[in-house]
Amino acid sequence: MRMQNVRFGLIGFGAWGNCHAGAIDKTQGVELVAIAARSEETCAKAREAYPDAEVVSDYRELIARDDVDVVDVVLPSHLHHQVGSEALKGGKHLLMEKPMGLTIEECDDLIRLAKENGCLIAIGHELRLSSLWGKMKEMIDGDFVGEPQYLLIELFRNPYRQGAGGWRYDINKVGNWILEEPIHFFDFARWYLQGKGDPVSVFATANSRQPDHPELQDNFSSMVQFSSGAYAVVSQTLAAFEHHLTVKVCGTKGSLWGGWSGALDRTEHPSFFLKASDGESVSEIPITKITGELFELEDQIAMVAKSVREGLSPVVSAEDGRWSTAMCLAAQKSVETGRRVEMSEIF
């Protein structure tokens, strides 16, 4: 596909949707041609911020436009399948915020529609584009740690934002809280251990600070077993402060320790580091490009545009999105049943 600019239509203009709009607007070779927002107040904000974009209140009008190549969906999770399927039926490429769907059936349906309509699906696991986390992946793939055996991904943070109308605290709209943020870390685990076998089982536990809302899990921990014998620990607390993400990898030859910290997850001024050991000495690995989800979001928009323009597979494919959703569903089933859940029970 050859074109001067890849033209984006954005559906959703909440806090994170606004960040998407900014990233699209900043990206060379990309044009924000239309925005769909639900309320008149949000539409007015979108028109003021992006006067060159057509702003509509009905997302179907955006999908029907001939000048939209990619539909970027940044909506509450329960709307992902509905809106994404209509975009694909309309022949639009799709950038879908995670989770891809709330069920495997929703994920499979989007994959089917993309194939039928010759469309690309990219899933919003933007952290894969991080200079920090990407360097760790490069070193794992380069055999620095040898055969990976142990992976820890741990997040210590403040509570979730409510979302427009409080949707993030409505379990019927979010699906479950594992699908909200730990889904990124399940994707990390599979990405880092790629080539070392697929995830085969998940055991998880969680609890809530609110006795009347046990489904809103403030503390969550899980263990993912891979067919290679490696395992990953994915853990998160929302009962803390600021935003601190730690990733550690240990293998048969060496180990890596990366960290990212900010006052908020969307800070423009984070601190971060990567340390490596070959078993005898420890060194600091320089990370020269600033990292954080705001910066990776811009890289993600550029990546999607390149994929569309050149017919390439996106960094995070629909199949990747299906896997990360499945791992979260397995974890939630484990929390509910108190037992290890085989991935074969989910697929």
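Author: Nine strands make up an open sheet, in the order 14-13-12-11-7-10-9-8-15, with mixed pairing. At the edges you'll find strand 14 (282–284) and strand 15 (341–342), each of which pairs on one side only. A few ground rules: strands (E, at least two residues) and helices (H or I, at least four) are DSSP runs, numbered from the N terminus, and two strands pair if DSSP finds at least two bridges between them.

Keep in mind that this is a predicted model, where local features need pLDDT of at least 70 and side-chain atom pairs count only at pLDDT 80 or more, while totals for chains, interfaces and linings use all residues. Residues are numbered from 1 along each chain as its sequence is written, and side-chain values use heavy atoms, leaving out hydrogens and water.

Now zoom in on strand 7 (residues 148–157): nine bridges join it to strand 11 (residues 243–251), and the two run antiparallel. Pick Ile-153 there, and its bridge partner in strand 11 is Val-247.

What about disulfides? Counting pairs of cysteine sulfur atoms within 2.5 Å, you get zero disulfides. Take Cys-107: its closest cysteine sulfur, in Cys-328, is 10 Å away, so that's too far for a bond. Cys-107 is also buried, at 0% relative accessible area, where buried means under 20%, exposed over 50% and partly exposed in between (1.4 Å probe, protein chains only). Cys-19 is partly exposed, at 22% relative accessibility, and its sulfur is 18 Å from the closest cysteine sulfur, in Cys-43, again too far for a bond.
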